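Open the model in your viewer and keep the sequence beside it. This tour goes stop by stop, telling you what to select and what is there.

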Amino acid sequence: MKRNGAVDFWKFVFSCVILCFHSLYFAGKEAYLFLDGANMVEFFFLVSGFFMASSVMKQTGDKLKEPVWKSTWQFLFHKIKSMCPEYYVAWAVSFAIKQTAGGMLPLRKIAKHGLECIWELLFLRMAGFDDYNANGATWYISAMLCAMLLLLPLFYKNRARFLYLTAPLLAIGITGYLYTVSKTLRGNTDWMGLCMRGLLRAMSVLCIGCVCYIACQKLKEVRFTPFAQALLSFVETGGYLFALYWTYGHRTSKMQFLILLLFAVSVTISFSHQGIIAFVYDNRAVYWLGTFSFPLFLSHHAWSGRMNRMFPKESYAQLFPKYVALSVATAFFVYVLSAFLRAVYGKYKGAFWGLLVQSE
């Protein structure tokens with residue numbers, strides 16, 4: 001699939017916002033940047049839901065005849081593969097940071113933490129197995145995969161019915177339930193009686209992403225005038241900027257649901273590529289920022305919880321630049337090492353599997 005520059009650009013921007021938001025862990029009573037930066041996660045769920053719908057709807061021929069269970073697991077394995085080795089490299093780095101930054105923990109405690117992380121390594125945190133986690137950002141990956149595991153069988157069983165009926169009903173029903181019960185989408189590990197809130201959050205927004213896919217296909221069929229294209233770009237960029245404005249200066253509230261709606265509209269326009277400034281984002285620099293956003297998202301969380309231990313006497317203003325520098329440096333390390341490991345695996349893939357599997 002051809003990269004979408006606008007989506008890549010905003011992925012990077014919102015990853016930076018989440019990085020800033022997590023500075024709350026060392027802010028204490030001081031004000032921190034982006035008071036409700038957790039809002040930005042909805043953008044990523046929407047994009048994931050859109051890609052899920054796009055991938056399933058592109059399947060043709062013999063693929064449509066495969067059993068539902070096979071198609072579901074193939075999709076999930078492909079999704080997991082696309083996040084590797086970044087996911088595990090970032091996990092290992094985060095684990096090391098948490099055990100050593102600001103003073104090394106006792107070996108017995110490190111061993112205990114290592115054993116309890118098995119659920120995190122298997123992407124099962126949001127299934128209810130939430131013990132010690134080395135990387136707090138991994139809840140998003142777990143929620144996304146667990147939600148997809150529940151949604152994909154319905155999708156593959158009847159693609160049209162899922163897109164036009166099941167997805168909208170689940171999106172409205174689950175989001176409405178969360179609005180009524182708590183007026184917030186946050187609180188990912190809160191137990192809701194049957195599952196964690198993070199799983200419900202993922203399911204509802206992934207389904208909205210599927211609805212965005214339908215709307216996007218309709219937009220692509222229309223030949224807009226330059227004036228209409230300018231309006232589309234205004235609405236698209238305005239939705240993103242309003243989310244940034246509100247998130248920067250306001251704490252968690254039911255406005256999260258309005259921002260989710262604005263995100264859905266903006267994401268639909270971004271993927272349609274119908275805005276008059278859409279071409280501005282289509283360049284290698286922006287594509288790279290989109291790629292780098294994933295290591296950045298995965299690499300900052302461990303530092304946020306260790307800054308006070310490393311620099312106990314410093315203020316938020318003193319800690320924040322160090323936090324950003326450490327996070328960006330760690331993200332670059334994860335990015336470079338992951339690229340190296342991927343290249344090595346690609347070169348020696350045959351030899352590697354030859355050590356494990358006998359050829360006939």
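**Stop 1: a pair at Arg 197**

Select Arg 197: it counts as buried, at 6% relative accessibility. Buried means under 20% relative accessible area, exposed over 50%, and partly exposed in between, using a 1.4 Å probe and protein chains only. A salt bridge here is a side-chain nitrogen of Lys or Arg within 4 Å of a carboxyl oxygen of Asp or Glu. Asp 190 is partly exposed, with a relative accessible area of 34%.

A word on the model: it is predicted, so local features need pLDDT of at least 70 and side-chain atom pairs count only at pLDDT 80 or more, while totals for chains, interfaces and linings use all residues. Residues are numbered from 1 along each chain as its sequence is written, and side-chain values use heavy atoms, leaving out hydrogens and water.

**Stop 2**

The whole structure holds nine salt bridges. Select Asp 36 and Arg 186, one of these pairs, with closest N and O atoms 3.5 Å apart. Asp 36 sits in the loop between helix H2 (24–27) and H3, and Arg 186 in the loop between H9 and H10, so the pair ties together parts 150 residues apart in sequence. Helices are DSSP runs (H or I, at least four residues), numbered from the N terminus. Asp 36 is buried, at 2% relative accessibility. Arg 186 is partly exposed, at 27%.

Next, select Glu 86 and Arg 342, whose side chains meet in a salt bridge (2.7 Å, N to O). Glu 86 lies in helix H5 (residues 86–100) and Arg 342 in helix H16, so this pair ties together parts 256 residues apart in sequence.

**Stop 3: helix H9**

Select residues 159–182, which make up helix H9. Where is the kink in H9? Look at Thr 166: a kink of about 35° lies there, shortly before Pro 168. The bend is the angle between axes fitted to the seven residues ending at a residue and the seven starting there. Buried residues of H9 include Phe 162, Leu 163 and Ala 167. The buried residues of H9 pack against H3, H8 (138–157), H10 (197–220) and H12 (255–272); contact means heavy atoms within 4.5 Å.

**Stop 4: helix H3**

Select residues 41–57, helix H3. Of its 17 residues, 14 are buried, so H3 is largely enclosed by the rest of the structure.

Conventions:
Helices (H or I, at least four residues) and strands (E, at least two) are DSSP runs, numbered from the N terminus. The expected span of a helix is 1.5 Å times one less than its number of residues.
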